[in-house]
Amino acid sequence: MTTTLTRNETTAPPEGGPSAEVVRAVAERYGDPDWVRDLRAQGWDAWLDIPLPSLRTEGWRRSELRWLDLPRFAPASLAAPPLPAVERLEDLPASLLEQLQTSVEESGLLVEQDGSPRYHTLEEEARRQGVIFTDLHTAFREHRDLVEPHLMRLLPPRWVPGEPSNAGKFEALNAAL
């Protein structure tokens, strides 16, 4: 059974910002399977439940959040259509190529731009050894058995659903988006 985004849309800032609609749009853009949509919905519910941290919140005592303009927030990946992948590394924009100039030797390379996988390569030797190297959204669809047991489970949540807390507010938004 698929979890749905159950909250009233009026809980989102009126001018925009994070909303159930944005969460659904991100899931649609990436073609998320139902189990990922369920995790996003849980993250959205937690985002709505957890209050913003304040200067009295441990860990946030020196963080001023008045500058945070949530109504203007929108994931960059929704601002433009997905970018096409390229077959050759040199076909990437110069701005991306500049960032790849390192002395690190790699067996694989995955380049993403604004949420779109642009270039992907994996040496044949690594492939023969069973290495799976792909973007996260493809892994959601093609390698659920490898991803699902670990996704969003590296650290235990600092919030418990149903208990008032402002720990984990932004982690919840990250989970939703």
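**Note on the fold and its helix contacts**

1. Of the 177 residues in the protein, 33% are buried. Buried means under 20% relative accessible area, with a 1.4 Å probe and protein chains only; exposed means over 50%, and partly exposed lies in between. This is a predicted model, where local features need pLDDT of at least 70, side-chain atom pairs count only at pLDDT 80 or more, and totals for chains, interfaces and linings use all residues. Residues are numbered from 1 along each chain as its sequence is written, and side-chain values use heavy atoms, leaving out hydrogens and water.

2. Seven helices and two strands make up the secondary structure. Both are DSSP runs numbered from the N terminus: helices are H or I with at least four residues, strands E with at least two. From the N terminus, the order is α-α-α-β-β-α-α-α-α.

3. The protein exposes about 12,000 Å², and carbon and sulfur atoms supply 53% of that area. The areas come from the Shrake-Rupley method with a 1.4 Å probe; for residues, only the protein chains shown count as cover.

4. Now the contacts, meaning heavy atoms within 4.5 Å. Take those in the protein with a separation of 6 or more: residues 24 or more positions apart account for 61% of them.

5. Look at H1 (residues 20–30) and H2 (residues 34–49). Their axes come within 11 Å and cross at roughly 160 degrees. That makes H1 roughly antiparallel to H2. Axes are lines fitted to C-alpha atoms, for helices over the stretch in contact, and angles run from 0 to 180 degrees between N-to-C directions. Under 35 degrees counts as roughly parallel, over 145 as roughly antiparallel, 65 to 115 as roughly perpendicular, and the rest as oblique.

6. Which residues of H1 and H2 make the contact? H1 brings Ala20, Val23, Val26, Ala27, Glu28 and Tyr30; H2 brings Arg37, Arg40 and Trp44. By class, six are nonpolar, none polar and three charged. Nonpolar covers Ala, Val, Leu, Ile, Met, Phe, Trp, Tyr, Cys and Pro; charged covers Asp, Glu, Lys and Arg; the others, Gly among them, are polar.

7. H2 also packs with H7 (residues 169–176), at about 150 degrees and with axes 7 Å apart. H2 and H7 are therefore roughly antiparallel. Residues that meet include Trp44 and Trp47 in H2 and Phe170 and Leu173 in H7. The contact has 10 nonpolar residues, one polar and two charged.

8. Histidine 137 sits in helix H5 (residues 136–142). Is this histidine buried or exposed? Histidine 137 is buried, with a relative accessible area of 15%. Not counting residues up to four places away in sequence, histidine 137 touches Tyr30, Asp32 and Arg40.
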